[in-house]
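Student: I'd like to go through this structure with you, one question at a time. Could we begin with its aromatic residues?

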Amino acid sequence: GANTSAKSIGADGVTVNAQEGDNGQHGADQIASAAGSGAGGGTGGVGAAVDLGNYDSHVTASIKGSQVTTTGNVAVTSKTDAQYFPVAVSVVAGDATFGAAGSVAVESINHHTTSTISGQVSSGENLLLGSLDPSEATMVVGGVSAAGNIGVGVSALLPEFSRDTSAAIADNATVSAPGED
């Protein structure tokens, strides 16, 4: 996270920005995981795929215990931006009498994105306090079974995507900004 550490800051403008997910080239970080299996045989074939993912992110921008005075703007912002692509696929094919394919993806994605002011801030112009999390997940699971007599395909997706995104001025903070252009 990004935090001010000085007791007093005076400048033409102050920006405190914490960001996760900007790789400097394409915008959001892209996180992919994959699990797969395949099977084939004479009498029977079974294929299974499991993808387990646990992603936890904490991004914080704050002015805490400091006195910030500026003739310009003050901005305290935080952003988490990631793209998740988990995939679990299994395939069974052949001349088998029986074929079964199954896949499961269990994904836990937890983001905590926070911006706070708990010090003294005096801006000569505008104050921007904000947090943003436009992260997305595209999850794919599948099971395909092509067998001679009996084919079974089963898939399950168990997603948990939680976001705790907040921007706050603490009760003990002193903030002034006239909001000029």
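Student: Which charged residue sits over the ring of Phe 161?

Tutor: A charge counts as over a ring if NZ of Lys or CZ of Arg is within 6 Å of the ring centre and within 35 degrees of the ring normal. Here the charged end lies 4.5 Å from the centre of the Phe 161 ring. The residue that supplies it is Arg 163.

Student: Before we go on, what kind of model is this, and what is its average pLDDT?

Tutor: This is a predicted model, in which local features need pLDDT of at least 70 and side-chain atom pairs count only at pLDDT 80 or more, while totals for chains, interfaces and linings use all residues. Residues are numbered from 1 along each chain as its sequence is written, and side-chain values use heavy atoms, with hydrogens and water left out. pLDDT is the predictor's confidence in each residue, from 0 to 100. In the protein, 87% of the residues score at least 70, and the average is 81.

Student: How many strands does the protein have?

Tutor: Helices (H or I, at least four residues) and strands (E, at least two) are DSSP runs, numbered from the N terminus. The protein has zero helices. Its strand count is 15.

Student: Back to the rings: how many aromatic pairs does a search of the whole structure find?

Tutor: Rings of Phe, Tyr and Trp (its six-membered ring) pair if their centres lie within 6.5 Å; planes under 30 degrees apart count as stacked, over 60 as edge-to-face and the rest as tilted. Tyr 55 and Tyr 84 make a tilted pair, with centres 5.0 Å apart and 45 degrees between the planes. Tyr 84 and Phe 161 have planes at 90 degrees and centres 6.3 Å apart, so they are edge-to-face. The search total is two.

Student: Which strand holds Phe 161, the partner of Tyr 84?

Tutor: This pair links distant parts of the chain, 77 residues apart. Tyr 84 lies in strand β8. Phe 161 lies in strand β14, residues 150-169.

Student: Is Tyr 84 buried or exposed?

Tutor: Buried means under 20% relative accessible area, exposed over 50%, and partly exposed in between (1.4 Å probe, protein chains only). Phe 161, at 29%, is therefore partly exposed. Tyr 84 has 4% relative accessibility, so it counts as buried.

Student: How many residues make up the largest nonpolar core?

Tutor: Such a core is a set of buried Ala, Val, Leu, Ile, Met, Phe, Trp, Tyr and Cys residues joined through side-chain atoms within 4.5 Å. Its members include Val 14, Val 59, Val 76 and Ile 117. Strands β3, β5 and β7 each supply at least two of its residues. The core has 12 residues in all.

Student: Which backbone oxygen does the side chain of Ser 103 reach at 2.7 Å?

Tutor: Ser 103 is in strand β9, residues 98-117, and is buried, with a relative accessible area of 6%. Its side chain reaches the backbone oxygen of Ala 88 at 3.3 Å. The oxygen reached at 2.7 Å belongs to Gly 142.

Note on methods: Polar contact = N/O pair within 3.5 Å; in protein donor to acceptor, adjacent residues only side chain to side chain.
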